[in-house]
Every structure is written in C-alpha cells, then in structure tokens.
Amino acid sequence: MRGSLDREWRKIGLRPLAPMCLAAAAACSGDANPAALTPGSGTTPPGESGAVCSIPLSDIFDGGVGRDGIRSLENPKRVPVDHVEASYLIPEDRVIGVEVDGQAIAVPHNILWWHEIVNFDIGDTKLAVTFCPLTGSSMVFDRSAVAGSEFGVSGLLFRNNLIMFDRDTESLWPQMMRESTCGVGTGSRLPLYPAIEMNWTGWKALHPEGSVLSSQTGFSRSYTRYPYGDYDDVDNPETLFPHPDVSERRPPKERVLGVVQGSDGGTVFPFGVLGRRPVRAVHVRSSGRDAVVLWDRAAESAMAYFRDPDVGTLGFKVEADQIVDEETGSVWAVNGLAVSGPLAGTRLEPVPDAYVAFWFSWVTFQPETSVWFGT
C-alpha cells in the first residue's frame, strides 16, 4: 500500500485546491475555494482495501500542499538550551516539553509551524510530537500503538485540524480525535504521552540542563517567522477552511488547557481566566481520580496532574505566589515537580488526556465540555 495514498485519496473524490500556502509561505492572501471530499453517506471506501472512513468526508479538506508537502522531522538534531543553534528562539516563543528517560527535550512551535510532526526514537520510547497551527493543538503520541511507525503530514485537514498518516499502513489519523478514521487502522486509538506547553523562558528556567531542537534541521525554513499572519490573535474568528459553528463562551483563538472526560466532554481552563493570578492550583477530578491543574503566568503554562503520588493524596494551595501542598508545605512547579521542602524531588503523575488547544477547536472536538471560570 506504500506510495499509493495519493491515488487512493483521488478515488474518494478529493478535488485539487489552489495552494493555501499553509506552512510553505506567509499567510495567504487572495481568494481560494476550499475543496472538500465529495460528500456521500458519510463513510466512503478510500480505495481498493475496502476500508471506510468513520468521519464525514464533507468535513475533510485538501490543504493544497499534498502528502509530505509539509515534511515531518525524524530524530532531528538537539542542542543544549544555551547553544548558538537555539538562538532563533525569543523568550515568549512557545515550546512543547517532554521528558524521556531523564532527558528534558523542548520542541518549539517555531519548528512545528513548518513541520507539524517530529518523530523521536529515544531508547525504547518512540514518540510523535505534533502541533497543528490551525487549531493550536499540542499533542504528543506514543507510537508503540502503531508498532513504532513514523507519522507524516497528509496535507488533509478535518475541521481545520491536522490529519496525520502512519508510514506503514498509510491510515489517516486526525490529531485531535486521537484515533485512525480512514484506512486499515480505522478505530485504532493513539495514547497520549505526557507533555507540557510553555514559553521558552519558563522551560529554560525549569530545565537549564535540557536540550532543544537545533535550527539546523536540514530544511531551509525561517524558524523566526510565524507564517500565518494574525491567524492566532485571540479574538480572530477566521479559519482557513469552513468550520462548524462554535460556542462563543470564550474568544475563538484563546489557548485553553483541556482535560478530556469521555468521548465528547471535558473541562477547559482558559488561559485568560487562569492568568488573572500569577500562579494557581485548581482541584479537579479526572478519570475518577483527584487531580490538580497547576498554572504559572510567567511561563504561560498550565498542566493537570493526579494528586496521589506514593506519599498519599495531596491538597494544594497558593501562598505568597507559590504553589504549596497543604500536608508538608513543599513548593511545587508547574511541571509537577516539588522543588523545595520535605517532598523535594517528588513528581506528580500527569493526567494523560490533558493538552492545550485553541478554544474553537477544543469545543468542536469535545462539544459537551464545561468551562472553568475561576475567581
């Protein structure tokens, strides 16, 4: 089946689209006529394999760049955070942070604007760090669910969200659905790997000995330039492709930390609400367990963690602009690590189904979500 995906997509009625530029150039200008897949009954065979798509084809659009037109990276070069090849980053640039076998690795949005997927093989751990610039969604997947197959960018979008494909079966995987929806893998789930999103300054402060992707990726890209104009302005309602109506409870492009509950629900913690205070610790429930959402305004970061490490269930509060646990008074950072006090070095377990996205996209994929309005 390898190499046949373009032909298979044509068989389901994909019509070419005048190039939308996407990550290949600056945000587009002029008129374009987005072309959806030919609507049918909602499930149309994608090719000779006889597999079906489990999502409405009318909501899938051709981004105009083709398969691998936005090229994923495979095990790119990493450098120390103070290396000259990391100088393309400025303090407010955002990174996706992962920790693997004691290694703290930052994958900047700057790189992902242009590549969207970074495949890593670190020991026995195989990850796909993914970011969709159109939906603002940062998600890291454990590739062991697909036998370690690498992921690429299909050039298609579902409700403006990146559709990935795995290079072994060429099945299609909309990022925010966390499962395959077309091809032989249809119905297979992708587990999320713990990750945190924050600004570059915050990451360096927490991980001065960590590493970051080098600007030397082997591709000629302007990693200092955001290629979508004002697309990510918090109040900008525009999307590049037609999109379902969205609840106006929050600004459309506001970043939210969403904690998934079930297939359609969850709770979002809007950055605009969290940011009214320097730090926060909000007690929640997730997957039937006690959890806490930690927030750090300086790092522009929020993440959810379970509250029951080996020492027992902890309660959290804020004292003198620091997050402390009520049981020991230990001080905790937004990455879930106790940095001082009796529990120093203890780490909270991240909630697996928590990630950052734009409000408009989160509520599209989790329509029964509730909003935390804080104090």
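Me: Which residue in β5 stands opposite G97?
Reply: This is a predicted model, in which local features need pLDDT of at least 70, side-chain atom pairs count only at pLDDT 80 or more, and totals for chains, interfaces and linings use all residues. Residues are numbered from 1 along each chain as its sequence is written, and side-chain values use heavy atoms, with hydrogens and water left out. Strand β4 (residues 94-100) pairs with β5 in the antiparallel sense over 6 bridges, and two strands count as paired if DSSP finds at least two bridges between them. The residue of β5 that stands opposite G97 is A106.

Me: How many helices and strands does the protein have?
Reply: Helices (H or I, at least four residues) and strands (E, at least two) are DSSP runs, numbered from the N terminus. Counted in this way, the secondary structure comes to 5 helices and 24 strands.

Me: How many residues of strand β5 are buried?
Reply: A residue is called buried if its relative accessible area is under 20%, exposed if over 50%, and partly exposed in between, with a 1.4 Å probe and protein chains only. In the protein as a whole, buried residues make up 55% of the 375 residues. Strand β5 (residues 103-108) is largely enclosed by the rest of the structure, because the number of its 6 residues that are buried is 5.

Me: Which residue in the turn between β4 and β5 has a positive phi?
Reply: Strands β4 and β5 form a hairpin, with 2 residues between them. The turn residue with a positive phi, of about 50 degrees, is D101.

Me: Which residue in β13 is the bridge partner of I105?
Reply: Besides its pairing with β4, β5 is joined by 2 bridges to strand β13 (residues 211-213), and these two strands run parallel. The bridge partner of I105 in β13 is S211.

Me: Which element gives the largest share of the lining of the second largest pocket?
Reply: On a 1 Å grid over the protein atoms alone, a pocket is an open set of points where a 1.4 Å probe fits, with protein on both sides within 12 Å along at least five of seven lines, and its lining residues have an atom within 4 Å of a point. The second largest pocket is lined by 15 residues, of which E99, P194, N335, R347 and P350 lie nearest its centre. Two or more lining residues come from each of β4 and β18 (301-306). The largest share, 3 residues, comes from β4.

Me: What is the handedness of the disulfide of C53 and C182?
Reply: A disulfide is a pair of cysteine sulfur atoms within 2.5 Å, and here C53 is joined to C182 with an S to S distance of 2.1 Å. The pair links distant parts of the chain, 129 residues apart, with C53 in the loop between α1 (5-11) and β1 (60-62) and C182 in the loop between β11 (172-174) and β12 (196-199). C53 is buried, with a relative accessible area of 0%, and C182 is also buried, at 3%. Because the torsion about the S-S bond is about 125 degrees, the disulfide is right-handed.

Me: Is R178 buried or exposed?
Reply: R178 is found in the loop between β11 and β12. Contact means heavy atoms within 4.5 Å, and, leaving aside its neighbours within four places in sequence, R178 is in contact with residues including M139, F141, R189 and D353. R178 and R189 are 11 residues apart in sequence and 6.0 Å apart in space, C-alpha to C-alpha. With a relative accessible area of 7%, R178 is buried.

Me: Which residue in β11 is the bridge partner of M164?
Reply: Strand β10 (residues 161-166) is mostly covered, as 6 of its 6 residues are buried. This strand pairs with β9 (residues 151-158) in the antiparallel sense over 5 bridges, and 3 bridges join β10 to β11, again antiparallel. In the hairpin of β10 and β11, which has 5 residues between the strands, E170 takes a positive phi near 60 degrees. The bridge partner of M164 in β11 is W173.
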